[in-house]
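Dear colleague,

I am passing on the structure below, together with notes on what was found in it. Please read the notes alongside the coordinates.

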Amino acid sequence: LHYPLRRQRQMCIRDSIETAEKLFASIDTNGNGKLEESEVREFSRGMLLRVKPDAEFDEAAFQANFQAMDKNNDGTVSKRELLESLVDKARQAHAM
């Protein structure tokens, strides 16, 4: 009984990683393998416009979130940092 659940969880994790990698690639517009602050800001603004067209972009909240994602403080977000950030957010939302 546990085997199917474990396999299902592994498939879910694999799908989540693939989705995160696609997300990373879509944000990394210059293709350098790192998410620069300007790339993440542009993506975030675009998402905000789609989800809440009348909302104002909060630069201070953006800065705090970007710094939280940039765990090694190099000014960019790596694939690993993005994945860790997504996992942290899912845990905070009790989705994991």
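In a crossing of which hand, left-handed or right-handed, does α2 pass α3? The crossing of α2 past α3 is right-handed, where a crossing is called left-handed if the near helix is turned anticlockwise from the far one by less than a right angle, and right-handed if clockwise.

Before the details, some conventions. This is a predicted model, in which local features need pLDDT of at least 70 and side-chain atom pairs count only at pLDDT 80 or more, while totals for chains, interfaces and linings use all residues. Residues are numbered from 1 along each chain as its sequence is written, and side-chain values use heavy atoms, with hydrogens and water left out.

The chain has 4 helices and 2 strands, which are DSSP runs numbered from the N terminus (helices H or I, at least four residues; strands E, at least two), and from the N terminus on the order is α-β-α-α-β-α. Along the principal axes, the C-alpha atoms fill a box of roughly 50 × 30 × 20 Å. Of the 96 residues in the chain, 20% are buried, meaning under 20% relative accessible area, as against exposed over 50% and partly exposed in between (1.4 Å probe, protein chains only).

To return to the helix pair, the axes of α2 (residues 37-51) and α3 (residues 59-69) come within 11 Å and cross at roughly 125°, the axes being lines fitted to C-alpha atoms over the stretch in contact, with angles from 0 to 180 degrees between N-to-C directions. That angle makes α2 oblique to α3, since angles under 35 degrees count as roughly parallel, over 145 as roughly antiparallel, 65 to 115 as roughly perpendicular and the rest as oblique. The contact (heavy atoms within 4.5 Å) is made by Glu37, Val40, Arg41, Ser44 and Arg45 of α2 and by Glu59, Phe62, Gln63, Phe66 and Met69 of α3.

Thr76 lies in strand β2 (residues 76-77) and counts as buried because its relative accessibility is 11%.

Glu81, in turn, is buried in α4, as are Leu82, Ser85 and Ala90. Helix α4 (residues 79-92) has 14 residues and reaches 20 Å from its first C-alpha to its last, close to the 20 Å expected at 1.5 Å a residue, a span taken as 1.5 Å times one less than the number of residues. After α4 comes His94, with a positive phi near 60°.
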